[in-house]
Amino acid sequence: MKEILHPHMLHDYQRLCVSHQLQHCDSMLWLGMGLGKTPITLTTIVDRMRAGQVKKTLIFGPLRVIQAVWAREARKWSHTQHLRFSVVHGTKDKRARALFADADIYLINYEAMNWLAETLDHYYLSQDKPIPFQMVVYDEVSKLKNSTTLRMAGGKRDKKDGRGEPVTIKVTGWRKLIDHFDFRTGLTGTPASNGYLDLHGQFLAVDGGDRLGKFITHYKDSYFFSDYSGWKYSPTELGKQWIEHKISDITTKMDAKDYLDLPDCKVTNIMVDLPAKARQAYREVEKNMFTQLDSGQEVEVFSRSSVSNKCLQFCNGSPYLSSESPEFEAVHDAKLDALDEVLEEASGSPVLCSYTFKADAERIMQKFKKYKPVNLTTAKSADTERIINEWNTGKIKLLIGHPASMGHGVDGLQETGHILVWFGLNWSLELYEQMNGRIDRQGQKHPVSLIRILCNDTVDLAVADALERKTDDQEGLKSALQRYRDGITTNDLDVNFF
């Protein structure tokens, strides 16, 4: 087990962020991936609890984050280990039980925001009672960028009743609850330069409209101009200055100059869980070299040496049906969902994604069509220079490639990109270091983020272990696999989560 971390181990910039949150009842933290928004905010929550300002905190976030990240991070630190968490997710009955359970921090995904608004309105506001939460945290507050959605504004929605008849129901928007929290904070990566219009909903959730106004129409009229048809809005130069001035007092943004005390390259593990059925199939292949998928398709491995490779395919979500066939079957989306969150948090910064199997590449290209991804590995060699130029001008937001094809001749990716995601690891140390060298090299102007998406309690951890020990010889691989089979825990593989 990794030793417990203590508050004095927080980086200087993290302590500055904690101070910022404590000095402002409403605060916004724009901090790059892997730099520790979670331990920073947990520290702030604990400090406010000790000061008697907060008893219960509500945290919104993506589903995977609320289920796996916050509680795990709290257990690493001596000053946050005692916190009690309740995950408000599932059926209405399960959500209600979790909401009224005795805990310090309540975690809920954004999709349940309207249900929570309606529930708090029914049990508290309508009866002139104070809500039970003193603090609210919006993890990935960019999900609230549109202030006119039902999620934020509320309104009416058409649905079908039990008999299939259309009915109109009233939806309670989160805006009704915003002013009932004493402390509000938003967490996200640095917004893209063209994201001024999207700032309205984010700051509305944090300050109730004090800085950018309560209504998007007034915000547009004050700081933007529209095209002839009135569909596209762009901020005026003076509008940009006023927006930045108005939000500057509660917003902390960390740029490269703020990272002077950090290593040049930071590795962050994003841990995901295999869904129950996928885990069962994984275990059967690992133990018996055979499994049958829900579709009836059979997956069989004919040599013990190939088992770990097949298990890696299950970890990534799409095992091949046989070694002789290119056919594969999707069994889960856990890693795709994690990559989706990384791309959203990147806020427009280019992301380089490494894949292991062709099936991974196919699913990534399909899932993220809206980013217009480019696969550098399958592109024609004559197009390589053009692709890299488009990457360096910011036209390509998601570039994927296989490590074996990212060697000599692929230069210049570090000029714009500083975020590399490993969708799936492989056993080759040479390829691992070669791929990392695409952005972690001379000429890089930003702190480099290497993000590895790993499945809990799987062979993924054995591969990560071998790579951290800089081992790709057969004995080293056997040692890593044996450590995994002997019960290696995810804590043994934490590289740097802050």
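The chain comprises 19 helices and 19 strands, assigned as DSSP runs (helices, H or I, at least four residues; strands, E, at least two) and numbered from the N terminus. The model is predicted: local features need pLDDT of at least 70 and side-chain atom pairs count only at pLDDT 80 or more, whereas totals for chains, interfaces and linings use all residues. Residues are numbered from 1 along each chain as its sequence is written, and side-chain values use heavy atoms, with hydrogens and water left out.

Of the 498 residues, 54% are buried (buried, under 20% relative accessible area; exposed, over 50%; partly exposed, in between; 1.4 Å probe, protein chains only). Contacts (heavy atoms within 4.5 Å) between residues at least 6 apart in sequence join residues at least 24 apart in 68% of cases.

In total, 22 salt bridges were counted, each defined as a side-chain nitrogen of Lys or Arg within 4 Å of a carboxyl oxygen of Asp or Glu. One of them pairs Asp-12 with Arg-15, with the closest N and O atoms 2.5 Å apart. These two residues are 3 positions apart in helix H1 (residues 12–23), and are therefore separated by about one helical turn. Asp-12 is partly exposed, at 47% relative accessibility, as is Arg-15, at 33%.

A further salt bridge connects Asp-104 and Arg-84 (3.1 Å, N to O). Asp-104 lies in the loop between H5 and E4 and Arg-84 in the loop between helix H4 (70–76) and strand E3 (85–88), so the pair ties together parts 20 residues apart in sequence. Asp-104 is buried, at 9% relative accessibility, whereas Arg-84 is partly exposed, at 37%. Through salt bridges with shared partners, Lys-56, Arg-84, Asp-102 and Asp-104 are joined into one network.
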